Amino acid sequence: MDRDGTAVRVDYSRVFTQAIDRLHAEGRYRVFIDILRNKGAFPNARCFAGHNGPKPITVWCSNDYLAMGQHPKVIAAMEEALHDVGAGSGGTRNIGGNTHYHVDLEHELADLHGKEGALLFTSGYVSNEATLSTLAKILPGCVIFSDELNHASMIAGIRNAGCEKRIFRHNDLAHLEELLAAEDPSVPKLIAFESVYSMEADVAPIAAICDLADKYNALTYLDEVHAVGMYGARGGGISEQEGVADRLTIIEGTLGKAFGVMGGYIAADQTIIDVIRSYAPGFIFTTSLSPVLVAGVLASVRHLKQSSAEREGQQVAATLLKTMFDEAGLPVMLGSTHIVPVLVGDPVKAKRISDILLAEYGVYVQPINYPTVPRGTERLRFTPGPSHTPAMMRELTDALIEIWGRLELRKAA
């Protein structure tokens, strides 16, 4: 009530408008460009940015790392499934949404990681959130030890678990052990971390973390979303490449990045799979993936188990682009992975660079700002793939050199 007794009305529109205005003021307002990829010709696409019809562009920020979303086997499998069983799944897995496609894909994913079973989710975000929150509720008194740079989906799962958590400094084994040693030995423990950190372009010391898990009787949860399909002889990720998959309790992955379609999953022993299947609301109460999507993923996983050409081509492309950026004096964040971040350090400038690249050079790359990365570490994140040619890379490098000079940005030290 105000002073004259009149009820004060909330101006909802003003509150929402102010929230958006804050993002604009901080340079963090996100703009989604309107594009269509050209089937079979990735990274070429069309951008609908004006009134003169579509403009040709080159995509440099797709997580379809190996262009499997364009692969003839994947497209053919999806078309066949569409004409065989129709578009949708028909409901949740518990009611009407379980198909033989889902069963086959789970068998393939379990085999990929050398585990007894696997479980499909509608996205990698959902698989992390649902699994982590459910695990901690099943384990009484569980404490989760989480790398400080873990993905938002892992953070959400840990938060929703309502359990105790300990945050260890990124890839800092000494700090992790300090936290583990300080905990009651009788308390259930789970260490949650990623293999490839997509914004830092670095890799976790998986074997050493497994050693600590063994020493302190902890379970391990590895997010391999930026590594499955990309590393290992069959695309099983960094854990396969380093021969440590059998030491991990749960491996989580996505079907929307290197595999090129959509979805997420976990792989683990059959009992854990059954627990998540039976208790996780994020699995139980959501419509299952369309069999059309699952058929496409199934073709992609089977192909990448047999073919390393895509992985090898991608690694060659990433190495070449890093070299070009480095030699040009651009502030590239050099790492051992397929991701090529270029540090800008300012959200407004990162957005400005992105806008110039698109408008003047036909290059599409999104700025990465807070909260995806810490303030002051804003960057452009390039994901060169096997279809990006050296000529495309040279044109991109020359464009960035020109823009860096135009905006008087600081080059690499």
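In this predicted model, threonine 58 stands opposite valine 363 in strand E14. The strand pair concerned is E3, which covers residues 55–59, and E14; the two run in the parallel sense and are joined over two bridges. Both belong to an open sheet of four strands, arranged in the order E1-E2-E3-E14, with mixed pairing. Strands E1 (35–37) and E14 (363–364) stand at the edges of this sheet with a single partner strand each, so one side of each has no neighbour there.

A further open sheet consists of three strands in the order E13-E16-E15, and its pairing is antiparallel. Here the edge strands are E13 (340–343) and E15 (367–368), each of which pairs on one side only. Strand E16, residues 379–382, pairs with E15 in the antiparallel sense over two bridges.

| Strand pair | Sense | Bridges | Residues standing opposite |
|---|---|---|---|
| E3 and E14 | parallel | two | threonine 58 and valine 363 |
| E15 and E16 | antiparallel | two | isoleucine 368 and arginine 379 |

Isoleucine 368 is found in strand E15 and stands opposite arginine 379 in E16. Is isoleucine 368 buried or exposed? Its relative accessible area is 14%, and under 20% counts as buried, so isoleucine 368 is buried. With neighbours within four places in sequence left aside, isoleucine 368 is in contact with Met199, Val373, Glu378, Arg379 and Arg381. Glutamate 378 lies 10 residues from isoleucine 368 along the chain, and the C-alpha atoms of the two are separated by 5.7 Å.

The chain as a whole provides the setting for these details. It has 14 helices and 16 strands. The radius of gyration is 23 Å, close to the 22 Å given by the globule rule for 413 residues, so the chain is as compact as a globular protein of that length. Along its principal axes, the C-alpha trace spans about 70 × 60 × 50 Å. Of the 413 residues, 52% count as buried. Among contacts with a separation of 6 or more, 70% are accounted for by residues 24 or more positions apart.

The chain exposes about 18800 Å², of which carbon and sulfur atoms supply 54%. There are 38 positive and 49 negative side chains, and the centres of the two sets lie 5 Å apart.

Notes. Residues numbered from 1 in each chain as written. Predicted model: local features only at pLDDT ≥ 70, side-chain atom pairs only at ≥ 80, totals over all residues. Heavy atoms only, no water. Rg over C-alpha atoms; globule rule 2.2 N^0.38 Å. Buried < 20%, exposed > 50% of the residue type's maximum accessible area, 1.4 Å probe, protein only. Contact = heavy atoms within 4.5 Å. Areas by Shrake-Rupley, 256 points an atom, 1.4 Å probe, with all protein chains shown as cover. Lys, Arg positive; Asp, Glu negative; His and termini not counted. Charge placed at Lys NZ, Arg CZ, Asp CG, Glu CD. Pairing = 2+ DSSP bridges.
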